[in-house]
Amino acid sequence: MKTYLSLLLLLPALFLTSCSTFAEGKTKVSIKASEPNAILRVNDEIVGQGTAELNLSNRYDYNITAEQGDRVARAIINRELSSCGRLDLIGTCIIGIPVIGLLSSGCWRLERDAVYLQLPPEKQ
C-alpha cells in the first residue's frame, strides 16, 4: 500500500516539474516561393502552391522545396532545444525529475517560422 501511494505521488511530480510538457509542441510556419505557381513540398509531400502556412511539429527537421518546371529552390528548418528544454535539462542534472519533459515535443523549437524560397531564373 505504501508503495502504491509513493508511486501515486511520484507520477504527478514527474510531469508537473517538467515545463516542456506544458509548452506548445507545434510551430506555425509560413512558406513563400518567389513564383506564385511553384509547387511547395515539405519532406517530399506537396503542401501547396506559391504560399503555405503549416503547423509543424517541433520534434523534427524539415526539408522545404519549391519547384516550377526544372527550377528548384531548397531550404532546411532544423530544430533546436527550446528555453523550456534547457530548463528541463538543467533540472534533470540537478534533481533528475524533469527528465520527462525532455521527451516531449515542447522541449524543442524550430529555428525559424518563415521561409522564402527564391527560384533560380529561367534558362534561355
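This is a short tour of the structure, stop by stop, with something to select at each one.

**Before you start**

The model is predicted, so local features are described only at pLDDT of at least 70 and side-chain atom pairs only at pLDDT 80 or more, while totals for chains, interfaces and linings use all residues. Residues are numbered from 1 along each chain as its sequence is written, and side-chain values use heavy atoms, with hydrogens and water left out.

**Stop 1: the whole chain**

Show the protein chain as a cartoon and you will find two helices and nine strands; these are DSSP runs numbered from the N terminus, with helices being H or I of at least four residues and strands E of at least two. Followed from the N terminus, the elements read α-β-β-β-β-β-β-β-α-β-β.

Of the 124 residues, 33% count as buried (buried is under 20% relative accessible area, exposed is over 50%, and partly exposed is in between, with a 1.4 Å probe and protein chains only). Among contacts between residues at least 6 apart in sequence, 65% join residues at least 24 apart; a contact means heavy atoms within 4.5 Å.

**Stop 2: the core**

Select Ile31, Leu40, Tyr62, Ile64, Ala66, Ile77 and Leu117, the residues with the most contacts inside the largest nonpolar core, which has 19 residues. Such a core is a set of buried Ala, Val, Leu, Ile, Met, Phe, Trp, Tyr and Cys residues joined through side-chain atoms within 4.5 Å. Colour β1 (26-33), β2 (39-42), β4 (51-57), β5, β6 (71-77) and β9 (114-117), as each supplies at least two residues of this core.

**Stop 3: Thr65**

Next, pick Thr65 in strand β5 (residues 62-68). Is Thr65 buried or exposed? Thr65 counts as buried because its relative accessibility is 11%. Beyond its neighbours within four places in sequence, Thr65 is in contact with Ile39, Leu40, Arg41, Ala73, Arg74 and Leu117.

**Stop 4**

Move to β2 and strand β3 (residues 45-49), which run antiparallel and are joined by four bridges; strands pair if DSSP finds at least two bridges between them. Zoom in on Val42, which stands opposite Glu45 in β3.

Which residue of this hairpin, with its two residues between the strands, takes a positive phi near 50°? That is Asn43, a residue other than glycine. With a relative accessible area of 36%, Asn43 is partly exposed. Step on to Asp44, also in the loop between β2 and β3: its phi is positive too, at about 70°, although Asp44 is not a glycine. Asp44 counts as exposed, at 68% relative accessibility.

**Stop 4: Ser82 and Trp108**

Select Ser82, in the loop between β7 (79-81) and α2 (83-94). Ser82 is buried because its relative accessible area is 8%. Not counting residues up to four places away in sequence, Ser82 touches Gly106, Cys107, Trp108 and Arg109.
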